Amino acid sequence: MTRRSILKAASAAAATSILGAPSLALAQKTIKWKVQTLWGAGEDTYAMFQTFCDNVKKNTGGRLEITPFSAGAIVGTFETLDAVGQNVIQGHSTYPGYFAGKEPALAVIGDFAFGYTEPMQQNAWLYEKGGIDMMRAAYDRFNAYTVGCTWWGVESLTSKVPVRSPDDFKGLKHRGAQGLAAETIAKMGASIVVIPGGEAYSALEKGVVDTVDWSTLSVNNKIGFFEIAKFATYPGFHSMPIQDFTVSKTAWKALPDDVKAIVEQTWKEFSAYQVKKIAENDLVVAEEVKKKGVELIAWSDADRLRGRELAHEVWSEWAKKSPLAKQAVDSQQAYLREIKLLA
């Protein structure tokens with residue numbers, strides 16, 4: 001079913017009225033959801049998610065209203081899954097690897113570090129090779145259902161000192177999230193400091209960390225990282241985290257089927273827009289920050305290969321953590337071989 005036919009069917013259902021009978025639009029109450037993101041209120045990515053919420057309201061004819069909340073506004077960043085499962089909030093849009101302690105597969109799927117080179121590769125794995133089913137299986141026992149996934153792009157590493165190769169991580173304090181990317185960087189010699197992304201600026205400013213793995217070049221610029229740090233890896237290569245939109249199964253089951261279809265379609269459109277927009281922003285910002293004295297560092301092919309070899313060790317270690325994690329590792333490795341990104 002095309003987007004046009006989905007929206008046409010939904011609009012017709014909402015407007016239906018026959019002689020003397022109340023219309024469905026009047027009979028149905030507006031459903032209201034609260035959804036917390038991983039983004040700070042001032043970030044472009046938060047504004048993009050707000051637009052998604054606006055579009056859901058518009059496309060459903062006001063039958064579903066999603067109120068977005070920034071990171072930490074209702075519960076802690078690492079506590080959103082429990083809140084979703086209990087229907088305290090009806091959804092979160094965040095990095096699934098934050099919950100690797102509950103199910104390791106969420107980290108394996110959430111960021112297969114040093115694997116993919118651009119979002120549409122993992123998107124194909126998710127929707128053509130069964131990855132989304134693995135994601136949903138990982139969340140299922142927490143009373144949560146993944147509507148869909150997006151990306152904010154291949155991340156840059158921001159640092160106060162130049163990191164030109166894996167060797168330069170030795171002795172540095174590195175802000176990372178739970179998962180494969182941080183453990184790979186730990187193998188390079190860094191000490192990992194796990195804190196929410198919203199606290200990364202303060203940690204870098206105060207010297208709690210020397211390097212930050214948070215987002216892409218343009219997002220980091222908007223936050224203000226380059227006021228306090230003058231080095232970044234670009235183009236990105238090491239990490240491409242998923243941003244999932246996962247909701248309470250209780251809340252999802254309560255939606256009419258046509259509203260579910262509209263939400264899914266609206267998310268797909270949002271995902272395509274966010275990936276494209278951030279990539280465009282990164283290109284513009286790369287030129288801007290260089291003029292402000294920021295050095296953009298591109299690792300050599302040899303150093304990227306060294307990083308991938310270390311990541312391969314991490315992939316194997318994570319495959320041992322749960323049956324679903326092993327399934328996700330094996331499946332993604334097979335797909336990377338299929339598309340010639342892995343020998």
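**Entry 1. Helix 6 against helix 7**

I began with the contact between two helices, where W125, L126 and Y127 of helix 6 meet G131, I132 and M134 of helix 7. The model I am reading is a predicted one.

I then looked up the geometry. Helix 6 covers residues 119–128, and its axis lies 4 Å from that of helix 7, at an angle of about 75 degrees. Angles of 65 to 115 degrees count as roughly perpendicular, so helix 6 is roughly perpendicular to helix 7.

**Entry 2. Salt bridges**

Next I searched the whole structure for salt bridges, and the search gave 16. I noted the general point that side chains of opposite charge can pair when their charged atoms come close.

**Entry 3. D140 and K249**

I stayed with helix 7 for this pair. D140 and K249 form a salt bridge, with 2.8 Å between the closest N and O atoms. D140 belongs to helix 7 (residues 131–140) and K249 to helix 11 (residues 249–253), so the pair links parts of the chain 109 residues apart.

Is K249 buried or exposed? K249 has a relative accessible area of 19%, and the cut-off for buried is under 20%, so K249 is buried. D140, at 40% relative accessibility, counts as partly exposed.

**Entry 4. D44 and K222**

I looked up D44 next. Its side chain meets that of K222 in a salt bridge, at 2.5 Å from N to O. D44 is in helix 3 (residues 44–59) and K222 is in helix 10 (residues 217–223); the pair links distant parts of the chain, 178 residues apart.

For accessibility I noted 26% for D44, which counts as partly exposed. K222 also counts as partly exposed, at 46%.

**Entry 5. R306 and D167**

Which residue forms a salt bridge with R306? I found D167, with the closest N and O atoms 2.8 Å apart. This pair joins a helix to a loop: R306 sits in helix 13 (residues 301–319), while D167 is in the loop between strand 5 (157–159) and strand 6 (173–176).

R306 counts as partly exposed at 32% relative accessibility, and D167 counts as partly exposed at 37%.

I also checked for further partners here. D303 is linked with D167 and R306 in a network of salt bridges.

Key. Residues are numbered from 1 along each chain as its sequence is written. This is a predicted model: local features need pLDDT of at least 70, side-chain atom pairs count only at pLDDT 80 or more; totals for chains, interfaces and linings use all residues. Side-chain values use heavy atoms; hydrogens and water are left out. A salt bridge is a side-chain nitrogen of Lys or Arg within 4 Å of a carboxyl oxygen of Asp or Glu. Buried means under 20% relative accessible area, exposed over 50%, partly exposed in between (1.4 Å probe, protein chains only). Axes are lines fitted to C-alpha atoms, for helices over the stretch in contact, and angles run from 0 to 180 degrees between N-to-C directions. Angles under 35 degrees count as roughly parallel, over 145 as roughly antiparallel, 65 to 115 as roughly perpendicular and the rest as oblique. Contact means heavy atoms within 4.5 Å.
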